[in-house]
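Trainee: I am new to this structure. Please take me through one part of it closely, the charged side chains and what they pair with.

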Amino acid sequence: MQTIFGKSVFGGIAIGKISVYKKGEQQVKRVKVEDTQEEIERFHRAKEEAIKQLQGLYEKAVKEVGESSAAIFEIHQMMMEDEDYLDSIENIISSQQLNAEYAVATTSDNFASMFSSMDDDYMKERAADVRDVSERILSILNGESKDTVQTQEAAIIVADDLAPSETVQLDKEKVLSFVTVHGSTNSHTAILARTMGIPALIGTPVALDETVDGKMAVVDGMKGCICIEPDEETLAMYQQKKKEETEKKQLLQTLKGKENITLDGRKIMVYANIGDTKDLAMVLQNDAGGIGLFRSEFLYLEKDTYPTEEEQLKAYKTVAETMAGKRVIIRTLDIGADKQADYFELEKEENPAMGCRAIRICLTRPEIFKTQLRALFRASAYGKIAVMYPMITSIEEIRKIKTIVEEVKTELKEQGIAFGDLEQGIMIETPAAVMISDLLAKEVDFFSIGTNDLTQYTLAIDRQNPKLDEFYNPHHEAVLRMIAMTVENAHKAGIWAGICGELGADTSLTKTFLKMGVDELSVSPGNILPLRKIIRETDLSQEQ
Ligand code: PEP
Ligand code: MG
């Protein structure tokens with residue numbers, strides 16, 4: 001038995017035979033051509049064919065994993081139309097009088113190494129994309145069909161790396177898991193794997209030859225390892241675990257479409273937390289009642305300049321439309337502290353968690369705030385959008401926000417731009433907000449308790465400092481009393497209160513929260529059904 005550790009991108013257990021996947025290396029020869037114009041046209045024909053193939057993959061992926069995860073194939077199509085990419089290829093053909101294959105391969109290498117050398121992790125990932133796109137064109141130029149991962153019986157696919165186009169072509173029925181030597185947690189392949197729900201490991205130093213091909217193995221997506229030729233005892237243990245996992249999954253599936261209601265009739269809103277529009281497929285698969293926290297920061301963090309109103313509108317509109325009338329709570333920019341974007345040019349601070357972050361940035365730089373608010377108001381014409389402001393500590397902040405909101409609405413009206421009405425709530429994540437929650441409740445439509453920061457500020461423990469993990473206790477009586485006080489004050493003023501911090505998913509506290517009267521729990525998509533199970537098993541009339 002050989003156990004090799006990697007990094008898990010999706011949990012679960014897979015048991016089966018290994019099938020080693022090797023990409024057919026494209027043989028590229030450097031050949032002089034006479035008619036460079038004809039060669040450029042040959043390249044363009046191959047590129048058009050490649051775009052057609054990608055459109056097919058896009059349509060397949062939309063059906064299987066949802067629009068947002070499929071978007072990578074649209075991006076690949078766009079990459080093929082990228083001016084710099086095309087210029088480079090055409091230039092090599094015409095100025096050096098070389099064949100299209102060589103021009104594509106060289107451009108691919110140049111662009112990939114340029115992306116790999118960038119500091120930004122997201123941009124680094126694009127190196128794999130440009131290679132994937134170029135290989136597709138090369139195989140068309142070579143008159144080959146691009147390799148697909150094929151396996152006769154269901155198997156654990158072991159590969160050096162898998163391009164998104166390869167992962168989407170996997171016949172899900174026949175693939176138990178995939179394990180790659182390279183790849184990263186941020187890669188589209190990893191994201192697709194999570195969306196498809198296949199246990200997957202990356203960064204696993206496994207041999208890609210006959211020493212493993214065809215061998216029996218177990219992939220443990222929780223521990224992040226693959227056991228090749230497990231001994232009898234290990235295999236039996238994993239078979240048992242897998243059986244339990246399958247039963248649990250089936251049980252959870254039976255909860256889809258059911259209400260989040262206690263035995264004595266209390267209904268709870270169970271919503272999903274997302275950080276990207278790409279998470280929407282998981283939201284739908286797990287039957288969320290809405291989005292309780294959309295961390296809009298990703299729009300700012302994945303860019304090197306401020307996202308425009310149109311870019312933001314596109315993302316918010318996608319979420320609103322996908323959720324089709326269900327409530328979508330979008331939190332305004334919560335940048336600063338651990339989330340830094342260089343172009344904000346924030347000064348270095350002694351205590352960043354207590355520094356210029358979130359609403360403090362928005363109120364001191366209203367032009368940034370206004371762009372986001374305009375996009376949010378405009379997006380509310382496409383669904384049930386609610387806006388939520390982070391890191392609130394005072395009534396004055398709410399008043400300032402309201403003034404800016406009114407300015408934005410007036411501007412939109414004057415410009416004849418359509419916008420809907422939206423609910424406005426705040427995050428309760430500072431002890432100050434808890435202590436004046438009776439006053440704040442009169443100013444807003446709802447509260448959402450951010451227990452991650454509330455614990456940090458209540459216990460005076462930096463949530464980013466791993467050395468303090470043993471002291472960071474969100475179950476602390478002080479935190480629980482703060483939650484109870486917030487909910488009580490919300491109800492007195494006739495508004496609802498939910499929890500969107502990690503504590504909301506802690507099933508050991510679900511009954512406690514229900515007893516406090518919490519109206520909504522917003523958790524990561526995978527936690528929705530387990531939470532529904534507990535809620536449906538709870539009888540509040542029997543609880544002390
Ligand atoms: C929180 O603080 O609990 C919260 C949900 O916000 P974030 O984790 O994004 O700071
Ligand atoms: Mg927070």
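**A close look at the charged side chains**

Mentor: Start with a landmark: Phe 369 sits in helix H13. This is a predicted model, so keep that in mind throughout. Phe 369 counts as buried because its relative accessible area is 0%, and buried means under 20%. Now look along the chain to Ala 217, 152 residues away from Phe 369. The C-alpha atoms of Phe 369 and Ala 217 are separated by 52 Å.

Side chains of opposite charge can pair when their charged atoms come close. The count for this model comes to 31 salt bridges. We will pick out a few.

Take Glu 309 and Arg 378. Their side chains meet in a salt bridge, at 2.6 Å from N to O. Glu 309 lies in helix H11, residues 309-322, and Arg 378 in helix H13, residues 366-379, so the pair ties together parts that are 69 residues apart in sequence.

Helix H13 supplies another partner, Arg 374. Glu 411 forms a salt bridge with Arg 374, and the closest N and O atoms are 3.5 Å apart. Glu 411 belongs to helix H14, residues 395-414, while Arg 374 belongs to helix H13, so this bridge ties together parts 37 residues apart in sequence. The two ends have their own accessibilities. Glu 411 counts as partly exposed, at 26% relative accessibility. Arg 374 counts as buried, at 11%.

Next, move to the metal. Which residues are the protein donors of the magnesium ion, ligand 2? They are Glu 429, through OE, and Asp 453, through OD. Glu 429 is in the loop between strand E13 (423-428) and helix H15 (431-435), and Asp 453 is in helix H17 (residues 451-459), so the pair ties together parts that are 24 residues apart in sequence. Glu 429 counts as buried, at 2% relative accessibility. Asp 453 is buried as well, with a relative accessible area of 3%.

Arg 463 forms a salt bridge with Asp 453, the closest N and O atoms being 2.9 Å apart. Arg 463 lies in the loop between H17 and helix H18 (477-492), and Asp 453 in helix H17, so this contact ties together parts ten residues apart in sequence. Arg 463 is partly exposed, with a relative accessible area of 31%.

Now widen the view. Arg 463 and Asp 453 are members of a network of salt bridges. Glu 297, Arg 331, Asp 334, Lys 339 and Arg 357 are linked in it as well.

Finish at the surface. Asp 82, Glu 83, Asp 84 and Asp 87 form a negative surface patch. One of them, Glu 83, is found in helix H3, residues 83-96. Why does Glu 83 count as exposed? Its relative accessibility is 61%, and exposed means over 50%.

Terms used
Residues numbered from 1 in each chain as written. Chains lettered and ligands numbered in written order. Predicted model: local features only at pLDDT ≥ 70, side-chain atom pairs only at ≥ 80, totals over all residues. Heavy atoms only, no water. Patch = residues over 30% accessible without salt bridge, like charges linked within 9 Å, V, L, I, M, F, W, Y side chains within 5 Å. Areas by Shrake-Rupley, 256 points an atom, 1.4 Å probe, with all protein chains shown as cover. Salt bridge = Lys/Arg side-chain N within 4 Å of Asp/Glu carboxyl O. Lys, Arg positive; Asp, Glu negative; His and termini not counted. Charge placed at Lys NZ, Arg CZ, Asp CG, Glu CD. Helix = DSSP H or I, 4+ residues; strand = E, 2+ residues; numbered from the N terminus. Buried < 20%, exposed > 50% of the residue type's maximum accessible area, 1.4 Å probe, protein only. Donors = N, O, S within 2.8 Å, 3.2 Å for Na, K, Ca; no water.
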